[in-house]
Amino acid sequence: MPFYGRAHVAYIPKAAEVVGLSKFARLAEVHARKLQTPQRLADEFAESVWSLVDPRGVAVVLETRHISHTGTGWKTTSSRTGCFNDADAWEELEFILGIGSISSSESNG
């Protein structure tokens with residue numbers, strides 16, 4: 001089912017090298033063009049950032065809404081790797097984004 005929304009990406013680099021925001025936008029667009037669920041999109045996006053940037057941790061939070069279910073509201077889905085699997089880091093990110101407890105897919109990394 002088609003959906004739309006917005007993506008939040010957080011990563012903590014291992015070195016002082018920082019990746020530009022335009023790279024994340026392009027990567028999100030590549031994955032969003034595929035036919036898939038929001039959870040799979042979050043997982044693939046996080047894994048791509050993890051493998052390309054080699055950070056200490058990656059978190060991807062998607063706020064999506066299915067086109068045909070406009071009355072049901074927004075659904076929040078996430079995927080995280082590395083240091084974002086730590087509860088304190090995850091709670092801090094939730095606070096920064098202004099979201100409550102959300103469902104997530106934890107990847108080993």
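Colleague: Which residue lies over the face of Trp 90?

Modeller: This is a predicted model, in which local features need pLDDT of at least 70, side-chain atom pairs count only at pLDDT 80 or more, and totals for chains, interfaces and linings use all residues. Residues are numbered from 1 along each chain as its sequence is written, and side-chain values use heavy atoms, with hydrogens and water left out. A charge sits over a ring if NZ of Lys or CZ of Arg is within 6 Å of the ring centre and within 35 degrees of the ring normal. At 4.3 Å from the ring centre of Trp 90, the residue over its face is Arg 80.

Colleague: Which residue lies over the face of Trp 74, and is Trp 74 buried or partly exposed?

Modeller: Buried means under 20% relative accessible area, exposed over 50%, and partly exposed in between (1.4 Å probe, protein chains only). With a relative accessibility of 44%, Trp 74 is therefore partly exposed. The residue over its face, at 5.8 Å from the ring centre, is Arg 6.

Colleague: What is the distance between the ring centres of Tyr 4 and Trp 74?

Modeller: Rings of Phe, Tyr and Trp (its six-membered ring) pair if their centres lie within 6.5 Å; planes under 30 degrees apart count as stacked, over 60 as edge-to-face and the rest as tilted. The planes of Tyr 4 and Trp 74 stand at 80°, an edge-to-face arrangement. Centre to centre, the distance is 5.6 Å.
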